[in-house]
Amino acid sequence: MASHLKFLKEPKIAAIVGCPFSDQQPRAGVDQGPIHLVQADLPGQLRTLGWEVEFNGHHAFEDISTKEDPPIGKLLNPRLVSSVTKAVAETVGAHARAGKLPVTLGGDHSLAMGTISGTLSAHPDAVVIWIDAHADINTAESTDSGNIHGCPVSFLMGLNDPPVPEFAWVKGDLTNKRIVYIGLRDVDAGEKRILREQNIKAFSMHEVDRYGIGKVVEMALDHVNPNRDLPIHLSFDVDALDPSVAPSTGTPVRGGLTFREGHYICEAIHETGLLVALDLMEVNPSLMDANSVEQTVKVGCSLVRAALGECLAWMYA
């Protein structure tokens with residue numbers, strides 16, 4: 001295991017960014033995920049791993065009425081999403097520039113547009129490892145639903161043509177050599193076309209089954225970080241896990257990562273010593289019974305702990 005985190009200052013500080021934001025998506029409740037994670041004492045759990053933890057309350061977002069936020073083309077609530085993600089980018093960027101590790105708790109995965117933009121403002125050469133059942137790479141033209149939580153990667157990569165002026169603050173300079181997916185299994189036709197055209201490396205559950213999670217993580221790192229010297233932003237959507245593991249999420253898809261596969265990814269990224277930012281997204285406490293919610297929140301907390309140093313390989317911990 002890495003004895004230090006290369007790009008962080010000492011003492012190591014985890015700055016929790018609570019983002020109770022739902023993108024006004026049809027299945028409400030994802031905005032409550034960060035609140036439940038903090039109520040489960042995630043800050044205290046991280047302190048037991050030797051981290052200093054900053055948490056100054058959940059992010060307060062500007063309240064824009066949807067009546068004042070009509071669609072732009074197909075995109076729903078574009079001004080709200082732009083305002084929120086830009087604020088998140090500023091917060092995450094400030095933490096990263098101060099040498100802290102931003103741990104963003106969502107909330108809707110559209111927030112990654114902000115978190116990754118913030119990371120890139122501090123670490124322009126950072127790479128992104130995106131763990132998800134979905135590619136979230138639809139453009140403003142290819143999206144069927146208009147929900148921007150299905151589009152953040154297209155904005156980060158500058159794939160919208162013409163650009164959407166409301167998101168002009170997103171630089172769009174993430175390249176196909178600096179992002180890799182693990183866990184995909186619910187990708188629509190438009191996204192498949194984009195992934196092929198842009199030559200984006202993606203490891204679906206088929207590859208996980210074929211090679212095993214250890215080999216997949218190595219191949220993913222070999223693609224985006226072959227010399228193991230670039231900062232890593234890990235964006236983890238809990239729906240990458242099988243619903244039997246994390247049932248309380250908005251868009252569950254059968255056939256996902258096991259408990260151990262999800263945790264192995266986080267442990268392996270920590271072991272590189274290169275982690276500079278972590279997202280944990282889409283815990284939705286409103287969708288299931290109390291036991292399922294408790295299970296999902298516990299899994300979410302343990303994923304964060306794994307990414308920040310908790311490991312089953314106790315001889316190295």
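A salt bridge is counted here where a side-chain nitrogen of Lys or Arg lies within 4 Å of a carboxyl oxygen of Asp or Glu. The structure is a predicted model, in which local features need pLDDT of at least 70 and side-chain atom pairs count only at pLDDT 80 or more, while totals for chains, interfaces and linings use all residues. Residues are numbered from 1 along each chain as its sequence is written, and side-chain values use heavy atoms, with hydrogens and water left out.

By the rule for salt bridges, the count comes to 8. In one of them, Glu 310 is paired with Arg 305, and the closest N and O atoms are 3.1 Å apart. Burial is described by relative accessible area, where buried means under 20%, exposed means over 50% and partly exposed covers the values in between (1.4 Å probe, protein chains only). Glu 310 is partly exposed, with a relative accessible area of 33%, whereas Arg 305 is buried at 17%. Salt bridges that share partners also join Glu 218, Asp 222 and Arg 228 into one network.

Because Glu 218 lies in helix H8 (residues 213–224) and Arg 228 in the loop between H8 and strand S7 (232–237), the pair ties together parts that are 10 residues apart in sequence. Helices (H or I, at least four residues) and strands (E, at least two) are DSSP runs, numbered from the N terminus. Another salt bridge, with a distance of 3.0 Å from N to O, is formed by Lys 100 and Glu 54. This pair links distant parts of the chain, 46 residues apart, since Lys 100 is in the loop between helix H3 (78–97) and strand S3 (101–106) and Glu 54 is in strand S2 (residues 52–54). Lys 100 is buried, with a relative accessible area of 18%, while Glu 54 counts as partly exposed at 25%.

In soluble globular proteins, nonpolar side chains tend to be buried together. A nonpolar core is a set of buried Ala, Val, Leu, Ile, Met, Phe, Trp, Tyr and Cys residues joined through side-chain atoms within 4.5 Å. The largest such core has 54 residues, and those with the most contacts inside it include Val 103, Ile 129 and Leu 308. Helix H10 (residues 290–307) gives the most to this core, with 8 residues. When residues up to four places away in sequence are not counted, Val 103 touches several residues, among them Ala 14, Leu 278 and Leu 308, a contact being heavy atoms within 4.5 Å.
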